[in-house]
Amino acid sequence: MSSSKSSSGQHQLRVGDSPLVKGLLIGITLLLTAILLVVPLIAIFQQAFVEGAAHYFNSLVEADTLHAIGLTLVVAALTVPINLVFGVMLAWAVTRFEFPGRKILMTLMDIPFAVSPVVAGLLYLLLYGNNGWIGSWLYDQDIQLMFAWPGIVMVTVFVTCPFVARELIPLMQQQGREDEEAAVILGASGWQLFRRVTLPNIKWALIYGVILTNARAVGEFGAVSVVSGNIRGETNTLPLHVQLQYEDYQAAAAFASASLLAMIALLTLLLKAFIEWRQERSLKIEAEKERQVTQ
Amino acid sequence: MSILIENISKHFGQFQALSPLSLDINEGEMIGLLGPSGSGKTTLLRIIAGLEGTDTGRIKFGDRDVTNLHVRDRRVGFVFQNYALFRHMTVADNVAFGLEVLPRKERPSPTEIKTRVMHLLEMVQLEHLANRFPSQLSGGQKQRIALARALATQPEVLLLDEPFGALDAKVRKELRRWLRGLHDELGFTSVFVTHDQEEALELSDRVVVMSNGHIEQIDQPGALYASPNSRFVFDFLGNANVFDGKVENGKWHNQQANIVLPEGAEQKDGQLYIRSHEFFVSREPTAQANLPLRVIAINPIGAEVRLELTPIDWQSNDVWEIDLPHKAFDKNCFEKGQTLYVTPKAGYFFANDAQKPTLLSWEK
Amino acid sequence: MATHLSAADTRPRHKRVLPGLSLSLGTSLLFISLILLLPMTGLVMQSVDMGWDRYWQVISDERVVASYKVTLWAALIASVFNGFFGLLLAWVLVRYDFPGRRILDALVDLPFALPTAVAGITLATLYAQNGWYGEILESLGLKVAYTPWGIVLAMAFTSIPFVVRTVQPVLEELSPEEEEAGMTLGASDWSVFRRVIFPALWPALMTGIALSFTRSLGEFGAVIFIAGNMPYVSEITSLMIFVSLQEFDFPAASAIASVVLMASLVLLFAINIWQARYLRRLHGRS
């Protein structure tokens with residue numbers, strides 16, 4: 001069994017490894033990626049600075065822009081913890097237990113992925129708007145959720161709720177439940193179990209889930225534009241503000257705001273790459289240790 | 001087809017997987033490559049197949065130099081350790097693969113392929129599984145299908161990587177016999193890799209014992225067992241007890257224990273290797289040896305009883321194992337914890353400065 | 001094996017070992033009910049209220065039907081393109097080592113992380129007549145921005161990661177032995193790819209394309225900036241909902257939304273069932 005180990009990492013002959021094929025495929029990929037992804041990314045920043053750095057910073061400190069930034073941050077700050085708790089709970093339930101309807105639950109969780117954000121916004125508008133069956137009751141109590149920040153938070157929670165769970169479930173499934181069962185046998189309580197056995201194992205996936213949730217929460221457009229009412233300086237999030245400026249023919253200002261969002265996106269990618277690099281490295285170290293033990 | 005291996009070597013990064021080695025394999029022979037993990041046996045097999053390149057040397061199949069030939073043009077049959085059946089294909093499609101990818105000129109017609117596949121499946125006695133997927137088969141069945149697939153193109157060389165490693169003991173024995181029968185019937189040349197000495201000795205015409213990337217010994221199973229030519233082979237073939245002795249007054253001493261040198265022995269310090277069944281057992285020391293041991297376990301194994309023993313007042317790196325016929329055991333009625341004395345009948349002596357052993361016998 | 005299984009089945013059910021079932025399952029169910037299921041009631045009520053005739057009239061309106069067609073075609077083309085491009089990307093990322101591989105790998109997720117509105121205005125600017133790409137395309141006599149091709153482009157951009165990220169792990173886990181087995185049996189590189197590797201990949205590839213298609217159907221932010229939104233030509237269905245809403249025609253918006261919702265739910269369930277089936281075939285029934 002282990003005798004092939006010394007050579008198993010060294011498979012030299014694999015399909016498509018001839019230099020010509022390899023070079024061609026890498027070349028095409030890099031070219032397409034440059035056209036489709038890299039140039040647009042550069043264009044965002046180029047357009048933002050097209051009227052100079054002074055204009056860039058001026059447009060960012062405009063009152064409406066600042067308000068949009070603030071609102072966006074508040075929305076993200078409320079959405080992320082809610083979905084974090086939900087994601088962990090759901091992942092724990094579906095990976096640690098067998099129960100009827102488990103598969104259906106996992107499919108339901110994917111709904112926000114499949115549903116158009118405009119439809120998502122509409123669902124909330126119909127229910128909580130002044131004509132909806134909950135909304136009209138709330139209206140009588142003088143509570144306004146739609147066309148106000150709570151509505152924005154609600155739809156953002158809807159749209160971003162699968163992300164944490166989706167990162168955790170495959171990982172927790174793969175890790176199995178033996179570790180936790182061992183901890184229970186050793187007498188750990190529920191919370192100790194989670195904090196000291198589960199959490200260290202899922203830490204990085206959890207962090208990535210949070211980052212992704214945050215990126216999507218900050219950037220949500222379709223659903224938010226349905227429920228926000230687009231009141232400038234009040235219910236305008238940063239993506240909506242980008243749209244407003246763009247349609248007002250303030251392209252440079254729109255791209256300036258867009259550049260902030262793009263930077264959040266880049267940070268997200270950077271963190272993800274870092275997390276993956278760490279995981280790969282720790283796997284390598286483990287493999288190396290194992291190799292030394294067997295030799 | 002005969003296989004000629006000349007001066008083959010291979011390294012992976014810093015790791016020298018194979019030091020230059022040569023090996024002649026005759027047409028129709030079945031060769032077992034035997035060795036522990038990391039001995040290079042799998043690498044050698046993969047080099048013969050063309051799955052790895054070599055750093056130096058050359059390989060010939062018959063008169064054909066195949067050193068730089070791509071694996072797909074070498075036309076060898078290869079059975080992988082974990083079978084490597086194509087998971088998305090049925091058993092029949094797996095077996096047919098080698099025929100279907102032949103160049104158009106050489107490819108048999110679809111009906112011809114079908115007949116050939118059914119014939120192969122009959123040969124491995126699994127024709128009723130033709131439409132199953134690999135995930136629905138047992139380990140032994142997968143192994144047979146992997147063989148049928150490898151033999152579909154009628155290769156003259158069959159290479160097998162740990163062919164029985166993943167099977168349970170009973171299936172393994174059965175398949176071994178079956179493979180040997182197949183080999184004799186079809187007359188191809190086979191090379192297989194194993195770390196199981198019993199398998200190698202039972203199945204091969206000749207066994208190639210390998211360690212650390214070089215060949216320790218090539219011999220027929222009987223000869224290999226009768227005259228292992230290095231400490232490594234002795235250790236690896238197993239069941240030998242080692243007595244490390246210093247010569248003094250015609251005896252090898254190890255603390256309180258000693259053994260009288262037999263006639264013809266060199267007056268040198270060294271290790272005496274004694275197989276587990278080459279002993280007398282008694283309750284008192286004999287004139288020929290004083291080797292006190294304590295019984296720590298008694299295991300009946302087939303026709304014999306194996307005693308595990310630890311030295312009393314002398315040193316040995318391993319637990320000693322001694323096999324007794326049931327009769328001898330019953331007569332003495334040994335118990336755990338008891339002290340007893342053993343006297344060697346025959347053994348192999350490696351002087352400290354020698355690589356090769358001398359055979360010694362105390363019996364006249 | 002079979003007897004072993006049946007013995008396990010008759011074993012009495014033990015108390016669960018791990019804690020937290022009621023807490024975690026309870027929270028999840030409550031959350032899913034409140035956040036996902038409850039809001040659907042509003043849509044159902046609204047649609048039921050309007051009566052079948054009016055409902056049918058809205059969803060079969062010519063302009064709306066044109067929007068279905070545009071959306072479906074654009075999503076189809078975009079997802080098929082992503083099938084090719086995604087497979088290529090996944091292959092290159094898994095099989096080859098080259099400088100910049102890690103950066104490329106990270107970049108793949110850009111469309112996920114980048115807000116769709118930002119993607120929308122950027123693509124619109126690049127492909128507009130005076131944009132970097134628009135100028136080149138114009139000189140070739142091609143027009144992308146403010147045409148249905150703009151919709152395809154935006155959809156393709158936002159759904160690039162789906163195919164890559166579903167195919168990549170499968171490609172990584174392919175055992176080299178199956179490839180080697182193919183080669184020892186005499187198959188050429190292309191034969192091995194077509195007969196051994198591709199069949200192993202294609203369930204994942206199909207899943208990725210289906211996900212990419214589903215996502216494209218619902219894409220809004222990136223599309224509306226570049227589509228030009230001309231009635232009957234380049235209006236997507238999500239926009240029709242949005243337009244109805246701006247006219248405060250809630251029933252019409254609900255009717256169209258119910259069609260979209262139904263389509264995406266059917267797709268979602270189909271993908272899930274399909275995935276479960278091919279997983280079962282590959283790994284046996286366990």
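Colleague: Which residue takes a positive phi in the hairpin of strand 9 of chain B and strand 10 of chain B?
Modeller: That is B:Asn212, whose phi is near 45°, in a hairpin that has 2 residues between its strands. This is a predicted model, where local features need pLDDT of at least 70 and side-chain atom pairs count only at pLDDT 80 or more, while totals for chains, interfaces and linings use all residues. Residues are numbered from 1 along each chain as its sequence is written, and chains are lettered from A and ligands numbered from 1 in the order in which they are written.

Colleague: How many bridges join strand 9 of chain B to strand 10 of chain B?
Modeller: There are 5 bridges between strand 9 of chain B and strand 10 (residues 214-219) of chain B, and the two run antiparallel; for instance, B:Val207 has B:Asp219 in strand 10 of chain B as its bridge partner. Strands are DSSP runs of E with at least two residues, helices are runs of H or I with at least four, and both are numbered from the N terminus.

Colleague: And which way do strand 3 of chain B and strand 9 of chain B run, parallel or antiparallel?
Modeller: Strand 3 (residues 30-34) of chain B runs parallel to strand 9 of chain B, with 4 bridges joining them, and B:Leu34 has B:Val209 as its bridge partner in strand 9 of chain B.

Colleague: How many residues of strand 9 of chain B are buried?
Modeller: In strand 9 (residues 206-211) of chain B, 5 of the 6 residues are buried, so the strand is mostly covered (buried means 20 or more other C-beta atoms within 10 Å, exposed 12 or fewer, partly exposed in between, with C-beta atoms placed from the backbone).

Colleague: New topic: what is the order of the strands in the open sheet of chain B?
Modeller: Its 5 strands follow the order 15-20-17-18-19, with antiparallel pairing, where strands pair if DSSP finds at least two bridges between them. Strand 15 (279-282) and strand 19 (320-325) of chain B are the edge strands, each pairing on one side only. Within chain B, strand 17 (residues 292-301) and strand 18 (residues 304-311) run antiparallel and are joined by 8 bridges, and B:Ile301 has B:Glu304 in strand 18 of chain B as its bridge partner.

Colleague: How many residues do chain A and chain C bring to their contact?
Modeller: Chain A brings 75 residues and chain C brings 78, where contact means that C-beta atoms, placed from the backbone, lie within 7 Å. Helix 2 (residues 19-48) of chain A gives the most to chain A's side, with 15 residues.

How values were computed: Two residues are in contact if their C-beta atoms, placed from the backbone, lie within 7 Å.
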